[in-house]
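Hi everyone, thanks for coming. Let me put the model on the screen, and then we can walk through it together.

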Amino acid sequence: MYKAKPFVKWVGGKTQLIEQLEALLPADFDKRQNITYVEPFVGGGAMLFHMLQKYDNIKRAIINDINPDLTTCYEVVRDFPQQLITSLSDIQSQYYAFKNEPERKEFFLACRDRFNTKNLEKIENTTLFFFLNRTCFNGLYRVNKSGKFNVPFGRYTSPTICDAKTIMADSQILQKVEILTGDFENTALKIKENTFFYFDPPYRPLSNTSSFNDYAKEAFNDIAQVRLKQFCDKLHQRGILFLLSNSDSMNANGEDRFFYDLYSDYTINRVWASRNVNANASKRGKLTEIVVDNFSNL
């Protein structure tokens, strides 16, 4: 069976951290029965696809994101994989037919303008989302304050726009996944016995210039980070286990204890990750991130 994996490139995706995150799960995770797995900030879904393929005791999953274009992608991959593959094959053929960069760029900009009309049916919207993700600069997803996708052309000659095997494998995995769109707190309504949460929110910037969290027009600032911590407190009070990733505030400033103070009631571990999104090449490379949990000391 072909392995399911993220179908979009996503800044902050967890593919590189899967082994480290796996090591921080509850020791008896594989022995728990009928788990409901919840990701309130699903993003590219690397952790989701890993967990659903490794643990057959996860009988139900809930994913959420505030970005409606992204959650529509998950719905289309789950419910209409064959139609999506046909549509992606068509747009890939159109793109490959252009013999020079100016023509490819003109086609890219026309697709971006159409995507930004925000008035498309699901298959076309998802097709354009995939296309832009594969052909824009660095595969970024970034929107302006109006919610319009604004990443420039990426100058790729023949990117893989239609990955049929991945779409079909992902569609099969997503059959037991419920998809929500909105604020992360909405996921509280889905809690049942044996629920496990993994949080991967927009990371707190390490500096004013190093940030990239423009996944949605709504800002995720320090007030939102505190609200997320308060949500984690509510889960803890109900006996719900959680794991949470974020940037390590101590990386840029050894005295910035924002998360260490905020999550002082819980266990904080550090993991190593590569950061590639920075305008200054000298600031790319290995950095620590934090992983918070409420079960290590149980």
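Which residues of the largest nonpolar core touch the most other members? They are Tyr37, Leu48, Tyr74, Phe131, Phe196 and Leu243, in a core of 68 residues. By a nonpolar core I mean a set of buried Ala, Val, Leu, Ile, Met, Phe, Trp, Tyr and Cys residues joined through side-chain atoms within 4.5 Å. Buried is under 20% relative accessible area, exposed is over 50%, and partly exposed is in between, with a 1.4 Å probe and protein chains only.

A quick word on what you are looking at. This is a predicted model, where local features need pLDDT of at least 70 and side-chain atom pairs count only at pLDDT 80 or more, while totals for chains, interfaces and linings use all residues. Residues are numbered from 1 along each chain as its sequence is written, and side-chain values use heavy atoms, leaving out hydrogens and water.

Back to Leu243. Setting aside neighbours within four places in sequence, Leu243 is in contact (heavy atoms within 4.5 Å) with Leu21, Leu24, Leu25, Phe196, Phe197, Tyr198, Phe199, Val291, Val292, Asp293 and Phe295. There is also a second, separate core of 25 residues, with Val38, Leu228, Phe242 and Ile290 among them.

Is Asp293 buried or exposed? Asp293 is buried, at a relative accessible area of 1%. Beyond four places in sequence, Asp293 touches Phe242, Leu243, Tyr266, Thr267 and Asn269. What about polar partners? A polar contact here is a pair of N or O atoms within 3.5 Å; within protein, one must be able to donate a hydrogen and the other to accept it, and residues adjacent in sequence count only if both atoms are side-chain atoms. The side chains of Asp293 and Ser296 make one of 2.7 Å, and a polar side-chain atom of Asp293 sits 2.9 Å from the backbone nitrogen of Phe295.

Strand β7 also holds Lys286, which is exposed, with a relative accessible area of 55%. Its contacts outside four places in sequence are Trp272, Ala273 and Ser274.

Now to helix α5, residues 101-115. Its 15 residues reach 21 Å from first C-alpha to last, close to the 21 Å expected at 1.5 Å a residue (the expected span is 1.5 Å times one less than the number of residues).

Which residues of α5 are buried? Arg104, Phe107, Phe108, Cys111, Arg112 and Phe115 are. Down the axis, the buried residues of α5 fall within an arc of 140°, so they line one face; the arc is that of the directions from the helix axis to the C-beta atoms. Their cover includes α3 (68-79), α4 (81-97) and α6 (122-135). The face turned away carries the exposed residues Pro102, Glu106 and Asp113.

Finally, the cysteines. A search of the whole structure finds zero disulfides, that is, pairs of cysteine sulfur atoms within 2.5 Å. For Cys73, the nearest cysteine sulfur, that of Cys136, is 13 Å away. The sulfur of Cys111 is 12 Å from its closest, also in Cys136, too far for a bond.

Methods
Helices (H or I, at least four residues) and strands (E, at least two) are DSSP runs, numbered from the N terminus.
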